[in-house]
Amino acid sequence: MGITLMINIKRILCPTDLSTNSDQALRYALALSRVYESQIIVCHRPDDGELSKALTVDQTPVADSSREGGVIFEGALLRFLTRKALNGLDWRGLLIDGEDVGEAITKAAAKHAADLIIMRSRRRPHRAALLGSNAESVCRTAPCPVLVTHSDEREWVQPLSRNISLERVLVPYDFSDYSELALKYALSFAQEYQAELHLLHVLPPHSVGQPEISWYPLKNESAYHNAAQRLHRSIPAEAHLWCKVTTAVSEGHPYREILNHAERNEIDLISIGAHGAGFGMHTLFGSNVDRVLRQAPCPVLVARPLKPASVQITAGLEVQHPTPKVQGRSL
C-alpha cells in the first residue's frame, strides 16, 4: 500500500467584509469544509459603530446564530447554501476588534486554533500595492497556512455546486523546510483530487551559462542537472502511482518564473512556502511571495507551520488536533 498523505483541517477561519466580492472566499471555505468535515469560523471587523447594538465582540459571541446580528453572517452563507444546508453546517460567527485588520485576523486564528485561513484579496494598482494589503499582512504572520483567492483568477471551486475541480498544482521548491511543507500540502491536494503536481526550482539569474537544462547525465554535471536530480528525489515514489508529476528548473527572478510557469501550464493552485533560501531569505514579502499573491492567475496557498499545534500531515495515520472541537453553532 502507498503512503496516504492527510491534512487534518478541523477549523477554517474565513474573514469577510460582508461584501459580495469578499464573500466569494466562503465558497472555497464551504467546499473544503465539506471534504475535511471542518468547522467554519466566519469573522468580520466592523467599522466604528457598525452592528454595535446587534452583536457582541469576539470574546462573548451571541449564543443563537439566528438572533439579531446573526442574520448578517447568515446572509453571506446563504449566497452559497440553502437554508436546510445552513442548518446542518458546523459554523460560528465572530466580530473581531483592532485597528489593524490583518493583525486582528491573525489573532483570531491563533485564539480559535484555526488550521487554515481562507480570504479574498483585491487586485490593486502597483502604487497602492506598495503599501501592502490585508492578505499580505496575514500571510506574513498567520499561525497557520493561508489560502488567498481573488476575483481575476482561474478558479477550481464551482460557483453553484461548490464541487472542486483541481487539476494542476504548482510548488515553487527551493529545498528548504518551508518549501517542503508547501510540497506536503500540495501532495495531499494532488492525491485527493488526482491533480497533476508541478515542482519548479529557480536558479539565480546568470548563475550558469547554459541556456537550457540537460536532463541526461554529463561528465561534469551542471547546476541545472543537479537541481533536476534533487527535484526528482524530493517526490515520494508512491506519488507517481496516483498523480502525474512534472519537474522543471529555470533561471531568473523567482516570482517571474513562478508566474510564467503558472500561466503556461494553466495551474489551478500555487502552494508556496512562507520563507526559505532562494524564495526570500531576505525581503521575502515585497520581493517574491507578495508579487505572486498580487499577480498569480490562480489561488495561492502560503504554507506556514501550524502554531501552537503541529503540522497535521501524516503517513497513513490521522493525528487528532490537540484543541477540542467546538460543538454546535454559535455567533
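How many salt bridges does a search of the whole structure find? The search finds nine. The model is a predicted one. The views below take up several of these pairs, then a helix packing.

**View 1. Asp23 and Arg79 meet in a salt bridge.** The N to O distance between the two side chains is 2.7 Å. The partners come from distant parts of the chain, 56 residues apart. Asp23 sits in the loop between strand S2 (11-15) and helix H1 (24-36). Arg79 sits in the loop between helix H2 (70-77) and helix H3 (83-87). Asp23 has 0% relative accessibility, so it counts as buried. Arg79 has a relative accessible area of 41% and is partly exposed.

**View 2. Arg294 forms a salt bridge with Glu136.** The closest N and O atoms are 2.7 Å apart. Arg294 belongs to helix H11 (residues 289-295) and Glu136 to helix H6 (residues 134-141), so the bridge ties together parts that are 158 residues apart in sequence. Is Glu136 buried or exposed? Glu136 is buried, at a relative accessible area of 2%. Arg294 is partly exposed, at 25%.

**View 3. Arg168 forms a salt bridge with Glu266.** Here the closest N and O atoms lie 3.7 Å apart. Arg168 is in strand S7 (residues 168-172). Glu266 is in the loop between helix H10 (254-264) and strand S10 (269-273). The pair links distant parts of the chain, 98 residues apart. Arg168 has a relative accessible area of 15%; buried means under 20%, so Arg168 is buried. Glu266 is partly exposed, with a relative accessible area of 44%.

**View 4. Salt bridges link Arg27, Arg120 and Glu155 in a network.**

**View 5. Helix H4 (residues 101-111) packs with H6.** The angle is about 40°, and the axes are 8 Å apart. H4 and H6 are therefore oblique to each other. Their crossing is right-handed. On the H4 side, the contact is made by Val101, Gly102, Glu103, Ile105 and Thr106. On the H6 side, it is made by Asn134, Ser137, Val138 and Thr141. By residue type, the contact of H4 with H6 holds three nonpolar, five polar and one charged.

Key: Residues numbered from 1 in each chain as written. Predicted model: local features only at pLDDT ≥ 70, side-chain atom pairs only at ≥ 80, totals over all residues. Heavy atoms only, no water. Salt bridge = Lys/Arg side-chain N within 4 Å of Asp/Glu carboxyl O. Helix = DSSP H or I, 4+ residues; strand = E, 2+ residues; numbered from the N terminus. Buried < 20%, exposed > 50% of the residue type's maximum accessible area, 1.4 Å probe, protein only. Axes fitted to C-alpha atoms, helices over the stretch in contact; angles between N-to-C directions. Parallel < 35°, antiparallel > 145°, perpendicular 65-115°, else oblique. Left-handed = near helix turned anticlockwise from the far one by under 90°. Contact = heavy atoms within 4.5 Å. Nonpolar A, V, L, I, M, F, W, Y, C, P; charged D, E, K, R; others polar.
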